[in-house]
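Let's take a friendly walk through a protein model together. Keep the sequence and the 3D view at hand, and look up each residue as we come to it.

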Amino acid sequence: MKFTLSWLKEHLETSATVSEIAEALTDLGLEVEGVEDRGAALKDFVIGKVLHAEKHPDADKLRVCRVATDEGEVQIICGAPNAREGITVVVAKPGVYVPGIDTTIGVGKIRGIESFGMMASERELELSDEHDGIIELPSGEVGQRFSDWLAANDPARVDPVIEIAITPNRPDALGVRGIARDLAARGLGTLKPNPFAAVPEQFDSDMTVTIDADTADGCPVFCGRVIRGVSNGPSPKWLQDRLRAIGLRPISFLVDVTNFFTYDLNRPLHVFDMAKVKGVLRVHRAQGGEVLTALDDKDYTLRPGMMVISDETGPESIAGIMGGAATGVSEDTTEVFVESAYWDPVQIALTGRALKINSDARYRFERGVDPAFTPEGLERAVRMIVDHAGGEASQAIAAGAVPHLDRAYRLDAKRVQSLVGMEIPEAEQRRTLTALGFRLEGAMAHVPSWRPDIQGDADLVEEVARIASLTKLQGKPMRRPTPGVPQPVLTPLQRRTSAARRMAAALGYNECITYSFIDREAAALFGGGDDATMLENPISADLSHMRPALLPGLLRAAARNQARGFADMALFEAGHAFHGGEPEEQHLLVTGILVGRTGPKDVHGTARPVDIYDAKADAEAILAAMGAPAKVQILRGAANWWHPGRHGMICLGPKKVLGVFGELHPRVLRAMDVKGPVVAFTLWPEQVPLPKSRSATRPALVAPDLQPVERDFAFVVDAQVEALTLVNAAQGADKALIAEVRVFDQFIGGSLGEGKKSVALTVRLQPTEATLKEAEIEAVSARIVEKVGKATGGVLRR
């Protein structure tokens with residue numbers, strides 16, 4: 001939206017500068033995108049007077065002039081035919097940049113005679129396309145700035161142009177008067193009255209307008225008047241200057257009037273040439289297939305349901321968007337029908353997008369113009385046409401009725417404090433709303449018809465705060481509900497998850513964030529894919545189910561990386577998986593995968609394929625970061641997507657599972673198109689017990705002061721018995737005294753016989769109260785042998 005300063009001052013009585021207006025507009029929510037100060041480009045040009053002019057001795061078309069300037073008399077060589085003694089001119093002295101020729105003037109010699117400047121034409125100053133001669137001024141003092149002379153004698157030439165960005169919810173600011181209203185409410189001036197006198201009816205026209213019943217929702221009101229005896233021609237200079245300043249090309253007076261009201265009062269209009277209209281006008285919906293040549297000389301094929309204005313020959317205008325070329329006005333037009341209507345914003349937007357037409361009318365109608373202003377906008381346009389182009393006006397011709405959009409909301413002065421945090425007196429709030437056009441009756445504020453964005457009492461608060469300026473809002477710390485140090489903001493689970501992320505990253509894993517949706521086949525591999533987790537409206541066929549685990553997303557990422565040549569990777573993700581369709585049927589997981597080798601190949605041969613123990617070590621490190629107990633059990637029995645013989649469950653008991661680690665089943669890897677093997681871990685942060693002490697400080701280090709004791713045991717068991725079973729049994733012999741059990745040897749064959757093996761364990765005993773005596777050590781050893789024997793059937797190797 002562009003407008004000039006002088007145009008704004010037609011509606012606003014103000015002494016504010018351009019910079020003050022621009023700053024206020026941005027603060028009001030009408031962001032200024034640019035200010036074009038055309039006078040600034042002319043500030044270095046001064047007025048001079050030609051004292052003497054004679055023919056150049058070596059050129060027929062050049063003249064040597066003596067010119068009086070603020071720096072005294074200077075010699076200037078000029079080739080303009082009107083360069084002569086006694087005229088007042090515009091001088092560019094050496095060092096001045098001339099925009100029209102993109103040149104900085106210097107001292108030079110022309111045919112052997114020095115020239116100390118230039119006398120400029122209008123085109124060289126980008127004032128117009130006139131270049132037949134230099135500028136001749138009717139007045140002006142020698143040395144006076146040319147920009148100051150223009151401001152006093154021809155202000156339109158140097159009128160600053162302001163461009164603002166309009167948000168979709170502020171259609172009222174698409175007219176200069178709406179912008180002036182906001183500035184007046186802010187206090188940058190006074191909104192001027194805008195009176196007018198309607199043109200009385202001077203004859204009866206037989207023109208009629210009808211609106212089809214199925215189109216009434218898109219065009220509730222259609223008004224117009226016939227004017228005969230008009231004389232169409234060039235617009236007055238002031239109107240042409242305003243339109244040119246905002247980038248519009250003056251065409252003819254009747255066309256320029258519609259453009260003027262579009263920008264001045266946000267009232268799009270259209271003018272039909274009555275000599276080209278056949279019969280009556282009808283507002284209806286297109287059947288589809290009709291072709292209309294619009295005013296932009298392009299043919300548009302209408303679709304069924306689009307609103308059009310037709311006469312007896314067919315469509316003559318695309319309603320609310322663009323008129324037709326067949327009934328457009330020309331220099332020969334003497335009788336016109338001026339139309340002012342209200343069109344539904346949604347339907348105009350749909351038609352404009354379908355036909356790919358961008359026009360000023362569409363831009364305003366699809367955002368919402370003032371429906372109540374429809375008849376008055378027509379009368380103002382008729383008055384302007386009759387005053388400037390002559391003619392006599394018919395009676396008002398109308399179809400439909402102005403829609404009733406009256407609404408009112410309660411103004412609660414205290415809500416400004418609660419919603420915005422600003423203390424604004426109630427009297428000032430009421431003054432602000434009144435200045436914006438609201439009508440106040442007691443506590444009820446009636447919304448003006450030009451503000452479709454006001455839809456509730458909260459919007460009243462926003463208007464008050466906007467006019468008062470949100471820059472005055474002072475930040476205040478929130479009041480603490482309880483005195484002292486505030487409680488932690490993060491929950492224990494959030495802190496635990498954050499610690500897991502940091503530890504995984506420290507271990508060399510890259511974090512992934514994958515979709516919570518996967519396809520049915522992948523979900524079925526991990527225990528999901530049922531109807532309970534199926535999406536009702538998936539965004540694509542391969543994102544149809546909520547994920548039952550994080551492994552599918554990580555494996556998909558691994559497959560994509562392998563396809564691009566990255567074979568070695570460590571990926572992890574922390575997020576929710578879903579075991580049902582209800583909000584509470586979700587669980588938090590931390591999952592990581594290791595693929596390929598532990599590092600790049602080197603001469604020392606340190607790189608090796610990743611194995612189950614890498615996943616186990618990383619899982620234990622992340623559990624430790626989350627505060628899990630150090631003493632855990634490793635059990636079998638995980639889900640079927642884990643390798644049956646190469647996995648373990650990290651447990652605090654048979655029913656308390658903290659996580660799973662191990663190799664993934666080759667069947668799963670084939671289905672996910674991942675080249676294996678792949679080791680992984682999945683942890684359940686919610687299963688990690690909370691610490692008994694809620695203190696923010698770390699507990700004191702407990703360092704044993706008594707000597708530990710280690711004893712070795714070698715058990716002969718069946719070959720199919722797992723070493724893990726022996727370790728768990730030995731640990732259960734005395735949970736308080738036994739600190740660690742580890743396997744240090746395994747022997748198969750020899751004298752043990754067929755189907756037997758020997759597993760050697762080291763058991764570390766850590767006393768806490770007194771040094772262990774031999775009898776106590778023997779008692780514990782006996783319990784270990786008994787426990788292992790009951791669990792595995794094994795006996796001590798002799």
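Predicted model: local features only at pLDDT ≥ 70, side-chain atom pairs only at ≥ 80, totals over all residues.

## A partly exposed arginine and its partner

At 42% relative accessibility, Arg 646 counts as partly exposed. Which residue does the side chain of Arg 646 meet in a salt bridge? The partner is Glu 663, with 3.4 Å from N to O. Arg 646 sits in strand 36 (residues 642–653) and Glu 663 in strand 37 (residues 656–664), so this pair ties together parts that are 17 residues apart in sequence. Glu 663 has a relative accessibility of 14%, and so counts as buried.

How many salt bridges does the count come to? The count comes to 45. One of them joins the side chains of Glu 13 and Lys 192, at 3.7 Å from N to O. Glu 13 belongs to strand 2 (residues 12–13), while Lys 192 is in the loop between strand 14 (190–191) and strand 15 (209–211), so the pair ties together parts that are 179 residues apart in sequence. Lys 192 is partly exposed, at 27% relative accessibility.

Now find Asp 453 and Arg 451. These two form a salt bridge whose closest N and O atoms are 2.8 Å apart. Are Asp 453 and Arg 451 buried or exposed? Both of them are buried. They also belong to a network of salt bridges, in which Arg 170, Asp 172, Asp 182, Glu 463 and Arg 466 are linked with them.

Strands of a sheet pair through backbone hydrogen bonds, either parallel or antiparallel. Here, three strands make an open sheet in the order 1-13-3, and their pairing is antiparallel. Why is one side of strand 1 and of strand 3 left without a neighbour in the sheet? Strand 1 (2–4) and strand 3 (32–36) stand at the edges and each has a single partner strand, so one side of each has no neighbour there. On average, neighbouring strands of this sheet are turned by 20° against each other, direction ignored.

Look more closely at one pairing. Strand 1 and strand 13 (residues 161–164) are joined in the antiparallel sense over three bridges. Within it, Lys 2 stands opposite Glu 163 of strand 13.

## A helix with a buried face

Helix 11 spans residues 426–435, and its buried residues are Gln 429, Thr 432 and Leu 433. If you look down the axis of helix 11, these buried residues fall within an arc of 95°, so they line one face of the helix.

What covers the buried residues of helix 11? The cover includes helix 10 (415–419), strand 28 (439–441), strand 29 (444–446) and helix 12 (457–468). After helix 11 comes Gly 437, with a positive phi near 100°.

In soluble globular proteins, nonpolar side chains tend to be buried together. The largest nonpolar core of this model has 109 residues, and those touching the most other members are Leu 25, Ile 164, Phe 222, Phe 337 and Trp 343. Helix 9 (residues 374–389) gives the largest share of this core, with seven residues.

Leaving aside residues up to four places away in sequence, the contacts of Trp 343 include Gly 218, Phe 222, Val 283, Met 307 and Phe 365. There is also a second, separate core of 29 residues, and among its members are Ala 523, Ala 557, Ile 593 and Leu 669.

Most residues other than glycine have a negative phi, and most peptide bonds are trans. With that in mind, visit Lys 356, which is not a glycine but has a positive phi of about 60°. Lys 356 is in the loop between helix 7 (345–355) and helix 8 (360–365), and with a relative accessible area of 72% it is exposed.

Ser 469 is not a glycine either, and its phi is positive at about 90°. Ser 469 lies in the loop between helix 12 and helix 13 (492–506). With a relative accessible area of 4%, Ser 469 is buried.

Where is the last stop, Pro 677, found? Pro 677 is in the loop between helix 17 (666–671) and strand 38 (678–683). The peptide bond from Gly 676 to Pro 677 is cis, with omega near 0°.

How values were computed:
Residues numbered from 1 in each chain as written. Heavy atoms only, no water. Pairing = 2+ DSSP bridges. Helix = DSSP H or I, 4+ residues; strand = E, 2+ residues; numbered from the N terminus. Axes fitted to C-alpha atoms, helices over the stretch in contact; angles between N-to-C directions. Buried < 20%, exposed > 50% of the residue type's maximum accessible area, 1.4 Å probe, protein only. Arc of directions from axis to C-beta. Contact = heavy atoms within 4.5 Å. Salt bridge = Lys/Arg side-chain N within 4 Å of Asp/Glu carboxyl O. Core = buried A, V, L, I, M, F, W, Y, C linked by side-chain atoms within 4.5 Å.
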